[in-house]
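Please have the sequence and the model open while reading.

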Amino acid sequence: MKLFFDKFKPFFYNSNLEVISNDCMKASVKAFKVKNGNVPKWDEAIETINTFSKGEVVLNSPYIQIKCNDVNSAELLIALEKLLPWRKGPFMFNDFKLESEWQGDLKWRRISENIKPLVNKNVLDVGSGNGYFTLRMAMEGAQKALGIDPFLLFNYQFQAIKSLIDSPLEAMILPIRLEDMPKKPIFDSVFSMGVLYHQRDHMNHLNNLKAMMAPGADLILETLVVDGEKGYSLIPNDRYARMRNVHCLPSIETLKSWLIDANFRNIKVIDINKTSPKEQRRTPWIGKDAASLQDFLDPNNSSYTIEGHPAPTRVIIICNN
Ligand SMILES: C[S@@+](CC[C@H](N)C(=O)[O-])C[C@H]1O[C@@H](n2cnc3c(N)ncnc32)[C@H](O)[C@@H]1O
């Protein structure tokens with residue numbers, strides 16, 4: 001993806017992130033080489049979007065809004081539709097609203113009210129999705145906001161958004177798994193949001209997050225939890241809220257004990273929130289007839305998932321290395 005490589009050097013060079021740039025470049029090149037039948041369609045979308053003039057990016061809460069004046073809205077719509085499904089957002093292009101499945105502003109508010117300012121910080125957003133939060137981090141003044149997500153479509157979505165923005169917003173997404181990142185302790189704030197429960201080895205994930213943190217850095221960890229005592233975790237036999245790859249949902253006390261075992265300090269729970277259909281909702285931007293939270297819950301009792309597990313509840317923890 002040419003656009004990606006054009007943006008790579010200016011983002012990494014002459015910054016603290018330069019020490020990881022070669023390895024990140026190699027890992028990204030490898031990831032983009034993977035055969036995926038959708039790539040020609042996604043490339044087409046980016047090529048179209050890249051012909052549009054760029055515009056200013058602002059926060060028009062809950063939307064990240066790009067004021068791209070000369071954009072042909074019909075063509076933009078067609079290009080963005082080639083990049084379905086849009087899970088994370090929402091975004092606005094002039095007055096046109098892209099309502100993603102997740103209303104990301106709600107999570108970001110719960111987080112941003114409780115963290116140290118990101119101004120001039122180097123920030124790593126692990127499992128960034130399409131970079132909605134990575135962009136929010138950059139818009140809050142991060143010196144560099146690097147998101148990593150191995151899912152290629154999300155990398156394309158990010159490039160689509162980024163190529164419409166004219167301001168020098170220091171945000172970048174790379175198609176790299178945390179396990180494959182060069183382990184250098186260079187980030188002042190490391191975010192892992194909605195990622196831990198997808199890991200087969202949760203301790204490995206926590207240790208890898210720690211390896212990326214500069215001395216005194218903050219880890220902001222957001223993950224699914226269940227009620228229970230220290231030591232209790234739910235290990236779904238099969239699916240959880242229709243998701244296949246959910247490995248382990250700890251109680252909050254269990255999660256804290258994992259963090260202690262990984263040598264994290266100053267562990268603070270800053271928020272506990274039951275996911276609502278206002279935050280995760282069916283919209284046309286996840287595709288025709290696609291399902292969302294309301295379809296994953298027991299129709300007779302929304303305290304349970306369709307499989308009979310406790311409905312999704314998320315905790316946000318901040319701690320230090
Ligand atoms: C549920 S989404 C969360 C997205 C976003 N952080 C949020 O909070 O809404 C989890 C994302 O983590 C990514 N992911 C899963 N395992 C990962 C890993 N080992 N390294 C980096 N990203 C990973 C997935 O591709 C997916 O996009």
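The model is predicted: local features need pLDDT of at least 70, side-chain atom pairs count only at pLDDT 80 or more, and totals for chains, interfaces and linings use all residues. Residues are numbered from 1 along each chain as its sequence is written, and side-chain values use heavy atoms, with hydrogens and water left out.

**Aromatic pairs**

The structure holds twelve aromatic pairs. Rings of Phe, Tyr and Trp (its six-membered ring) pair if their centres lie within 6.5 Å; planes under 30 degrees apart count as stacked, over 60 as edge-to-face and the rest as tilted. Two of the pairs are set out here.

| Pair | Centre to centre | Angle between planes | Class |
|---|---|---|---|
| F96 and W285 | 6.0 Å | 65 degrees | edge-to-face |
| W108 and F191 | 5.9 Å | 40 degrees | tilted |

F96 belongs to strand β4 (residues 96-98), while W285 sits in the loop between β12 (265-274) and α10 (293-296), so this pair links parts 189 residues apart in sequence. Helices (H or I, at least four residues) and strands (E, at least two) are DSSP runs, numbered from the N terminus. F96 is partly exposed, with a relative accessible area of 26%, whereas W285 is buried at 8%. Buried means under 20% relative accessible area, exposed over 50%, and partly exposed in between (1.4 Å probe, protein chains only).

In the other pair, W108 is in helix α5 (residues 104-112) and F191 in strand β8 (residues 187-193), so parts 83 residues apart in sequence are tied together. W108 and F191 are both buried. They also belong to one aromatic cluster with W86, F91, Y132 and F133.

**Charges over rings**

A charge sits over a ring if NZ of Lys or CZ of Arg is within 6 Å of the ring centre and within 35 degrees of the ring normal. The charged end of K144 is placed over the ring of F11, 4.9 Å from its centre. K210 lies over the face of F264, at 5.9 Å from the ring centre.

**The sheet**

Strand β8 is also part of an open sheet of seven strands with mixed pairing, in the order β7-β6-β5-β8-β9-β15-β12. Two strands pair if DSSP finds at least two bridges between them. At the edges stand β7 (171-174) and β12, each with a single partner strand, so one side of each has no neighbour in the sheet. β8 and strand β9 (residues 213-225) run parallel and are joined by six bridges. F187 has M213 in β9 as its bridge partner.
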